[in-house]
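Please take a moment with the sequence and the model shown below before reading on.

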Amino acid sequence: MKKLLFIALLIPLGIYAQEDLLQELESTVVVEEQPVTSIFKGVKIVNFESTKLVGKQQLQFIISHRFGTLRDGVDNFFGLDQASARIQFIYGPTDWLNISTSRSGFGKTYDLSAKYRLVQQKENGSPVTIVGFNLINVNTELDADLFPQLTFSDRLGYANQLLISRKFNDWLSLELIPTHFHDNTVQEDGQDNSQFAIGIGGRLKLTKRFALIGDYGAHLNRVDNSVFNNPLALGIEIETGGHVFQLHFSNAQAIFANGFLGQARGDFGDGDIFFGFNLSRAFSLSKK
């Protein structure tokens with residue numbers, strides 16, 4: 001009888017000890033830091049680069065059009081008679097690096113660029129994604145007859161950006177873009193060759209397939225008498241399977257960084273804006 005009583009007294013103590021051990025084990029479990037995905041659907045917000053990268057061993061083909069100004073109405077068929085196009089190829093050799101080449105009708109410009117992830121936003125980890133972007137372009141439209149001393153280096157331009165984004169919830173992503181760009185030949189007297197800007201952009205998801213997108217760049221050292229304006233773009237984004245389709249309006253006709261940052265001539269206030277679109281398609285190059 002005494003033995004049974006002793007065992008009965010030990011059973012609750014064993015239960016309590018087991019509960020304490022389980023609680024201690026649970027408290028030492030490390031919460032895994034899961035990457036935050038789908039911050040942006042397109043590699044561009046509108047004009048500015050987003051923090052999205054093409055996946056490893058993927059090739060993305062992008063066709064961008066920016067038509068002429070809507071202000072002239074039927075005289076240029078609401079801009080369709082003065083279209084500027086850009087064709088771009090982006091390849092991802094790794095999951096954190098993209099390399100790209102493109103050709104733009106604006107300035108008959110060729111460019112090469114690199115885009116690379118430095119920090120990934122994670123649940124229970126980094127609150128932001130940080131991506132670097134560097135570009136070099138060649139303006140082949142500059143006429144040697146008009147510039148007798150023109151050399152190849154005079155045609156070159158560079159852009160360097162830090163893309164800092166945060167996905168706040170399932171429907172809102174924002175990005176901050178400190179920017180430096182340099183043109184060896186500038187379009188205005190007195191303008192510094194090295195120029196600086198701060199860009200902001202965002203994506204507001206409306207449905208599973210549709211989102212509002214927009215970005216703006218504040219130029220920091222533009223000459224006072226400049227004919228150019230800060231670039232502003234607004235639009236919608238449609239995702240259809242492997243395609244991302246963006247329709248937008250901008251006050252800049254150029255589509256590459258140095259062009260829209262330094263030479264945005266339009267003005268939303270007087271209807272001098274350009275309608276355009278970006279259409280992208282991704283292809284996998286990995287062997288299955």
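**From the whole chain to its details**

In the protein chain, 57% of the contacts with a separation of 6 or more are between residues 24 or more positions apart. The model is a predicted one, and its elements comprise two helices and twelve strands, which follow one another along the sequence in the pattern α-β-β-β-β-β-β-β-β-β-β-β-α-β. The chain has 288 residues, of which 40% count as buried.

Since this is a prediction, the confidence values deserve a look before the details. The mean pLDDT of the protein chain is 87, and 84% of its residues reach 70 or more. Over residues 1-11, however, pLDDT stays under 50, and for this stretch the model has zero contacts beyond four places in sequence.

With a relative accessible area of 31%, Gln57 is partly exposed.

Strand E2, which covers residues 84-91, is the place of Arg86. Is this arginine buried or exposed? Arg86 counts as buried because its relative accessibility is 3%, a value under the 20% that sets the limit for buried residues. Leaving aside neighbours within four places in sequence, the residues in contact with Arg86 are Lys44, Ile62, Ile63, Ser64, Ser102, Arg103, Ser104, Asp111, Ile255 and Phe256.

Further along, strand E5 holds Val131, which is buried because its relative accessible area is 0%. Val131 and Arg117 are 14 residues apart in sequence, while their C-alpha atoms are 4.3 Å apart in space. Beyond the neighbours within four places in sequence, Val131 is in contact with Lys115, Tyr116, Arg117 and Leu118, with Gln161, Leu162 and Leu163, and with Thr51 and Leu53.

His219 lies in strand E9, which spans residues 210-219, and counts as buried because its relative accessibility is 11%. A polar atom of the His219 side chain lies 3.2 Å from the backbone nitrogen of Asn221. When residues up to four places away in sequence are not counted, His219 touches Phe181, Gln191, Gln195, Phe196, Ala197, Asn230 and Leu261.

In strand E11, residues 243-250, one finds Phe249, which counts as partly exposed because its relative accessibility is 35%. Phe249 and Gly214 are 35 residues apart along the chain, and their C-alpha atoms are separated by 9.3 Å. Apart from neighbours within four places in sequence, the contacts of Phe249 include Leu70, Leu232, Ala233 and Leu234, and also Phe268, Ile273, Phe274 and Phe275.

The last stop is the space that the atoms leave open. Rolling a probe the size of a water molecule over the atoms shows where such empty space is left. How much space lies in the largest pocket? The largest pocket holds about 410 Å³, and of the 26 residues that line this pocket, the closest to its centre are Phe106, Asn139, Thr185, Gln187 and Gln263. Strand E5, residues 129-139, and helix H2, residues 257-262, each supply at least two residues of the lining, and the largest share, three residues, comes from H2. By class, the lining of the largest pocket consists of six nonpolar, 14 polar and six charged residues.

Technical notes: Residues are numbered from 1 along each chain as its sequence is written. This is a predicted model: local features need pLDDT of at least 70, side-chain atom pairs count only at pLDDT 80 or more; totals for chains, interfaces and linings use all residues. Side-chain values use heavy atoms; hydrogens and water are left out. Helices (H or I, at least four residues) and strands (E, at least two) are DSSP runs, numbered from the N terminus. Buried means under 20% relative accessible area, exposed over 50%, partly exposed in between (1.4 Å probe, protein chains only). Contact means heavy atoms within 4.5 Å. On a 1 Å grid over the protein atoms alone, a cavity is a set of points where a 1.4 Å probe fits but cannot get out, and a pocket is an open set with protein on both sides within 12 Å along at least five of seven lines; lining residues have an atom within 4 Å of a point. Grid points are joined across faces, edges and corners, and a volume is the space filled by probe spheres set on the points. Ala, Val, Leu, Ile, Met, Phe, Trp, Tyr, Cys and Pro count as nonpolar, Asp, Glu, Lys and Arg as charged, and the others, Gly among them, as polar. pLDDT is the predictor's confidence in each residue, from 0 to 100. A polar contact is a pair of N or O atoms within 3.5 Å; within protein, one must be able to donate a hydrogen and the other to accept it, and residues adjacent in sequence count only if both atoms are side-chain atoms.
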